[in-house]
Amino acid sequence: MSTEPASAPEVRPARLTMQGISKSFGGVAALREVDFVLREGEIHGLVGENGAGKSTLMKIIAGVHPQYQGRMTIDGQEVQFRSARDALAAGIGMVHQELSIVSDLSVAENVYLGKQPTRRGIVDWRAMFEGAREQLASLGIDVDPRVRMGSLAIGLQQLIELARVLFSGARIVILDEPTSALSPPEVHRLFEVLRAVRAAGCSIVFISHFLDDVLAVSDTVTVFRNGQRVATEPATGIDKSWVIQRMIGRGHEDLEESYTGDVTLDSKPEAPVVLAVRGLAAGRAFDDVSFDVRAGEVLGVYGFMGSGQIELGRAMFGKLRPSAGTLSMAEKPLRLRNTADACRAGLAFVPESRRSMLFYREPVYKNESISVLGRIARLWLKPAVERDIARRHAEALSIRPASVETLLQSLSGGNQQKVALAKWLTWPPKVLVLNEPTRGMDVGAKEDVVRIVRGLRDKGIGIVVVSTEPETVLSMADRIVVMKKGRIVREFAGETVSKDRLLEAA
Amino acid sequence: MAMSSGVRAGAQTGSRLGSFVRSQMRNIAPFVTLIVLLVFFGIASPSFATMDNAANILTQVSVAGIIAVGLTFVILCAEIDLSVASVANATGIVVAYFTLQESYVNIANVPLPGIVAIALALVACIFLGLVNAVGMTVVGIPSFIMTLAMMQIGAGICALLVRGQIAYAVPPFIATLGAGSIEGIPWIIIVLVVFLALGHVVLTYTRFGRYVYMVGGNREAAEYSGVNVKLVLSAVMVISALCSGVAGMLGVAHFGSAQQNEFDGYLLDAIAAVVVGGTSLFGGRGGIGNTIIGLLILGVLNNGLDHVEIDSFLKILIRGLILLGALIINVYVQAVRENERAAGG
C-alpha cells in the first residue's frame, strides 16, 4: 500500500521519523498506526480530506498533543514532546492558516518577536532593523523592516512569519494551507522562498487542499485517508487524479458515505430566477461573483476553506456589506443595510455556526419565534401563538424533546440545528441561504437535514447551500458552482457529477 | 428494595432542588440579602421597622430608582450607560434655566411657561441619549467610552448654564411631583412605581422587550434572526436618557435646588441597584423585578446604617463591600452557567 520513494536518485537522510503513531479522541480513532518519514532538505506535501488525520499528525509533531502511541525520532534521537514549547526548542516551527503576526508592530519587531536584541536593557533598534533586513534578504524578500506589518499584503505577511519561524531556529517547518489566501503571483513567490529554504537544508511539510500547488512544489507527497497513511510517492511520478483517487478511496472503506458515487444533478433551467447576484465583491474575500438562484432549486456553492463562499453567504443576508456588485429580486435591486432589511425582502440565512444563530439559555419556542416576531406581534407579544407555531415545527421536524419550553442548551446538536432551520419555516422565505448546514452532525441528523431542505425546495423556495464539504453539496444540490480563491471557477448543471470531479474543479 | 428506591427518589428530588437553586441563584441571592438586612436592622434599631421609615426608604431611593429603570434596559443589552447621573443633572438644570428664578439668583435664565420648559428639558435629555446612540451604533464607539464622554458633556452643559450659581425654582408641576405628596404619599414614590411598572410591562409583554433580552442574550444570533440590533441599542440608550432626565427634573424639585455635581452619587447608586438586584452584566438575564430588590437593598442599607451607631465614614466602605459581594455573585452565577453549558448540561 505504501511505497518509499525507492527510485529517487539520492535518498537523503531522515530528519524526522514517526513509527506506529496512533491517536484517538474519546474513543474515536484519529490516527491508526501511521508511519511517516520527513527527509533533510525535502518539501513534503500532505493531502487528505477534512478529518483524514493530517492535522492531528502535525499537532503531534508540534507538541500540541502530548498523548499518543508510537515513536518519534529527530535526527535519530527519540523525542517525546510535552508541549509546543518543547517542539519549538527541538527546531519544529509551524505557520498556521491564521497568521500569528502583530499587525500594529513593524516588520522587524515581528521578525524578532519575543527576542529583540538589546543593549544594556534597551532595545537596540538599529541592530534589529539591520538583522531583519539581512534575514529577509537571505530568503529573497525585499521589504523595508520599518514599515507597519498591517500595511503589507497577506502574501508578504505570511513570508515574514515564515522568516520568523526560521529565524527562531526551526529546521522543520510545517505550513498549514499556505496558499489558500494567495494570488497566483504570491503563490509563485512563496514557492521560490520555500525552495531557498529547502536549499539551506530545512525540511518542509506542506499541508494543503490545493492539489495543484502541492504537486507543483513538493518533492514527495503523502496521502491520508480515515486516519491512515495510504500512499507516499515522489511528486514527479503522480498527477492530480492519482491523488484524488487515493484521497477518496472509491469503493471499499467508505460504504457508509453514500455520496461518493456519481450524482445526477436535477437542475431546473426554466424555473424563475428569485435572486440574481451580479458582479458581487467584498474586499479580499470574494470578487466578481455572479449567479442566479432559482425557485424550487437547490444551488450548491462548494469551495475549500477560505475560498470566500462563507463570506458570500453572509453578504447575501446583509451581514457583510459588499464593496461592489448587486443583488436583485424580481428585477428590482436590493439594498441591504442590515439583516432586518434582508429579512423583509424575503431572504433567510442559517450561519455556519449554531452558536451564532441560537439563544442557549432561552426555551425552544423563543428561539423559533424571534425571526418571525414582527409578523405575529406588533406591540404586544402573543406567547400562545409563539408556542403553537413552535409545537407545529417540533412535530414536523421531529425535534426531541418535543416540549417547546425546553431550554435550547439541553437539546442535542442535531436537534439544535433543526431549531435553527425551523426559525425560517413559519413564513417560508423566497431564498434560504444555508452556510455549512451539516457541519459536525452524525449521519442520521444529516439525513434529516437533507430531507428538510428537499421539502423546502419542493415548496418553491430558492435554496443556496454553501459548504466546504463535497458530500454536503452533492447530497442536496440540483446545480453546483465551485468557488476558488474568491471567484466562481466552474458550474455544474444538469449533468452527472462526482466528488472527484468536484475536487478536480476546486 | 423499597427502601433503596425511596432513597434514590429522595436523592433525585435533592438534585432537582439543587439545580433549581443553582438556576435561580441570580434571583435568590439578592432576595436573601434583603431579608437578612431587614431582620438585622429591625433587631438592631427600634426606630427602623416603622411605616414612616418605610416611606423614608422609598423616597430616598426614588431618584436613583427612576434612573435605574432605564439603566436596566441598557444592562440587559450587555451595554452600560455611565452618563445617567450627568444627563439627569443637565436635564434638571435645563428645566430650571427655562423657569423664572427669584431676582437674587444670578443666572441669565430664559423664563418660559412651565409646560414649554418641561418639553425643552425632555427634548434635551432625549437628544443626549440620541447622541449616545449614534456614537455607539453609527460611529461604533463602545458604550463604556461613549457614555464616559457624554458624562463630561453633560457636566459641561450644567457648568455653562448655571456658571457656578444655584437655581431654585422649577415649574409647579415638577415641584409637585418632586416634593409634594397626596394623601400622605409622596408623589415621587408614585412616579417611581409607575416607571417601574411601565419598565416591567415593556420588558415582559412587548415585542421590543423580547428583542432587548435576545440582543443581550446573543447579539450575533439576534442579528442573524433579522433583528435590527442597532435600532434596539439606540432605543435603550434613549430610554435610559429619558428616565435619567425625568429623575433629574424631579430630583431638582426634591432637593430644592439646581446646581452642578448635584447628582454625582447617583451613577453608582443606579448601577448598584441594577447589578445588586441580579441583572446580568453580560446581558439577557434579569429585569425590573431584580432592580426593585436591588433598590430596596440599597435603600435599606443606606437608611439602616443611619439608625445604628456606626462611624459615618465606615458606611462608605460597607456600601463598597456590599457592591463587591453582589458583583462576585453576578459573575460567579454566569461562570456556573457557562460551565454547565460547556459540560453539555
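This is a predicted model: local features need pLDDT of at least 70, side-chain atom pairs count only at pLDDT 80 or more; totals for chains, interfaces and linings use all residues.
What pLDDT does chain A average, and what percentage of the residues score at least 70?

1. Confidence in chain A. The average pLDDT (the predictor's confidence in each residue, from 0 to 100) of chain A is 86, and 95% of the residues score at least 70. Residues 1-9 of chain A have a pLDDT below 50, with 11 contacts in the model beyond near neighbours in sequence, where two residues are in contact if their C-beta atoms, placed from the backbone, lie within 7 Å. Residues 251-259 of chain A also have a pLDDT below 50, and this stretch has nine contacts beyond near neighbours in sequence.

2. Residues are numbered from 1 along each chain as its sequence is written, and chains are lettered from A and ligands numbered from 1 in the order in which they are written. For the model, ipTM is 0.82 and pTM is 0.77.

3. The contact of the two chains. Chain A contributes 24 residues to the contact and chain B contributes 19 residues. On the side of chain A that touches chain B, the largest share, four residues, comes from helix 10 (residues 339-344) of chain A, helices (H or I, at least four residues) being DSSP runs numbered from the N terminus. That side of chain A divides into 15 nonpolar, five polar and four charged residues, where Ala, Val, Leu, Ile, Met, Phe, Trp, Tyr, Cys and Pro count as nonpolar, Asp, Glu, Lys and Arg as charged, and the others, Gly among them, as polar.

4. Helix 9 of chain B. Helix 9 (residues 207-217) of chain B is largely enclosed by the rest of the structure, because nine of its 11 residues are buried, that is, have 20 or more other C-beta atoms within 10 Å of their own, with C-beta atoms placed from the backbone. Among the buried residues are Arg210(B), Tyr211(B), Tyr213(B) and Met214(B). The buried residues of helix 9 of chain B pack against helix 12 (373-376) of chain A, and also against helix 3, helix 8 (187-205), helix 10 (219-224) and helix 11 of chain B.

5. Helix 3 and helix 12 of chain B. The axes of helix 3 (residues 51-76) and helix 12 of chain B come within 8 Å and cross at roughly 60°, where axes are lines fitted to C-alpha atoms over the stretch in contact and angles run from 0 to 180 degrees between N-to-C directions. The two helices are therefore oblique to each other, since angles under 35 degrees count as roughly parallel, over 145 as roughly antiparallel, 65 to 115 as roughly perpendicular and the rest as oblique. The residues of this contact divide into 11 nonpolar, two polar and one charged.

6. Val252(B). This residue lies in helix 11 (residues 229-255) of chain B and is buried, with 33 other C-beta atoms within 10 Å. Leaving aside residues up to four places away in sequence, Val252(B) touches Gly92(B), Val95(B), Ala96(B), Val170(B), Gly178(B) and Ala258(B). The C-alpha atoms of Val252(B) and Asn89(B) are separated by 8.2 Å, although the two residues are 163 residues apart along the chain.

Note on methods: A residue is buried if 20 or more other C-beta atoms lie within 10 Å of its own, exposed if 12 or fewer, and partly exposed in between; C-beta atoms are placed from the backbone.
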